[in-house]
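Q: Could you walk me through this structure? I'd like to start with the aromatic rings and then move on to the strands.

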Amino acid sequence: MSTIPTVITDLLKEAGLSAQQSCWQLPQNKNVWIVNHKSLEKLAAMKDIRYTDCKVELADSTNNAYAVSVIGHVGDRSEWSIGEASAGNVRGAGAYYFAMAEKRAKDRVILKLLGLHADVYSEEEADDFKDAKPEGGDLLIEHNAAARDNWVSIAYIKGYMGKED
């Protein structure tokens, strides 16, 4: 079992995010870490990543195959990537192929620009990655945060409830 790469935990902390709510391990390979899309978007905003030249590279509605390319910039660095989506890698009726292709392309660019592309993957890479996310982890984290932020009120209420009428 590996630990979350320090480079990602440091970036998440800088953005006010925790690794526990943003990352999880792939059960099939404990050396692979997955980061959720929402956290990657927040990191991109924090680092002022900009996108240009978003292009449709393939739009084949007959075979439900789509590809989008995008170039991302941060400072004087630029990276590009392609996001693909097809009936074989997007689940659900009324699949949203273009949106998924764009998310995959942007997430890959974010990972490259932040120097994370060899250490972690986006949850959007594969439905299996999302399926591997532990259930309920976010709820427990949210509960603990709410309890920590409101401990004085909770202690008062518990004290009041413990008194006999």
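A: Rings of Phe, Tyr and Trp, the last by its six-membered ring, are taken as a pair if their centres lie within 6.5 Å. Please keep in mind throughout that this is a predicted model.

Q: How many aromatic pairs does the structure hold?
A: There are two aromatic pairs in the structure. In one of them, Y66 and Y97 have ring centres 5.3 Å apart and planes at 15°, and because planes under 30 degrees apart count as stacked, this pair is stacked.

Q: And where do Y66 and Y97 lie?
A: Y66 belongs to strand β4, whereas Y97 belongs to helix α4, which covers residues 97–113, so the pair ties together parts that are 31 residues apart in sequence.

Q: Are those two buried or exposed?
A: Y66 has a relative accessible area of 11% and is buried, and Y97 also counts as buried, at 13% relative accessibility.

Q: Which residues do the ring pairs link into a cluster?
A: The cluster is made up of Y66, Y97 and F98, linked through ring pairs.

Q: What about lysines sitting over rings, where are they?
A: K106 lies over the face of Y51, at 4.7 Å from the ring centre, and K112 lies over the face of W80, at 5.6 Å from the ring centre.

Q: Back to β4 for a moment: how many of its residues are buried?
A: Strand β4 spans residues 65–74, and nine of its ten residues are buried, so the strand is largely enclosed by the rest of the structure.

Q: Which strands does β4 pair with, and in what sense?
A: Strand β3, residues 50–60, runs antiparallel to β4 and is joined to it by eight bridges, with A59 having Y66 as its bridge partner in β4. Strand β5, residues 77–86, also pairs with β4 in the antiparallel sense, over ten bridges, and there the bridge partner of H73 is S78 in β5.

Q: What do the hairpins look like, and which residues take a positive phi?
A: The hairpin of β3 and β4 has four residues between the strands, and N64 takes a positive phi near 50° there. In the hairpin of β4 and β5, two residues lie between the strands, and G75 has a positive phi near 60°.

Q: Changing topic, what is the order of the strands in the open sheet?
A: Three strands form that open sheet, in the order β1-β2-β6, and the pairing is mixed. At its edges stand β1 (23–26) and β6 (120–122), each with a single partner strand, so one side of each is left without a neighbour in the sheet. From one strand to the next, the twist averages 40°.

Q: How many bridges join β1 to β2?
A: Four bridges join β1 to β2, which covers residues 29–35, and the two strands run antiparallel. Within this pairing, C23 stands opposite V35 in β2.

Q: And N36, where is that, and is it buried or exposed?
A: N36 lies in the loop between β2 and α3, the latter being residues 37–46, and N36 counts as buried, at 8% relative accessibility.

Q: What lies around N36, then?
A: A polar atom of the N36 side chain lies 3.3 Å from the backbone oxygen of Q21. The C-alpha atom of N36 is also separated by 9.5 Å from that of D107, a residue 71 residues apart from N36 along the chain.

Note on methods:
Residues numbered from 1 in each chain as written. Predicted model: local features only at pLDDT ≥ 70, side-chain atom pairs only at ≥ 80, totals over all residues. Heavy atoms only, no water. Pairing = 2+ DSSP bridges. Axes fitted to C-alpha atoms, helices over the stretch in contact; angles between N-to-C directions. Buried < 20%, exposed > 50% of the residue type's maximum accessible area, 1.4 Å probe, protein only. Phe/Tyr/Trp six-rings, centres within 6.5 Å; stacked < 30°, edge-to-face > 60°. Lys NZ or Arg CZ within 6 Å of the ring centre and 35° of its normal. Polar contact = N/O pair within 3.5 Å; in protein donor to acceptor, adjacent residues only side chain to side chain.
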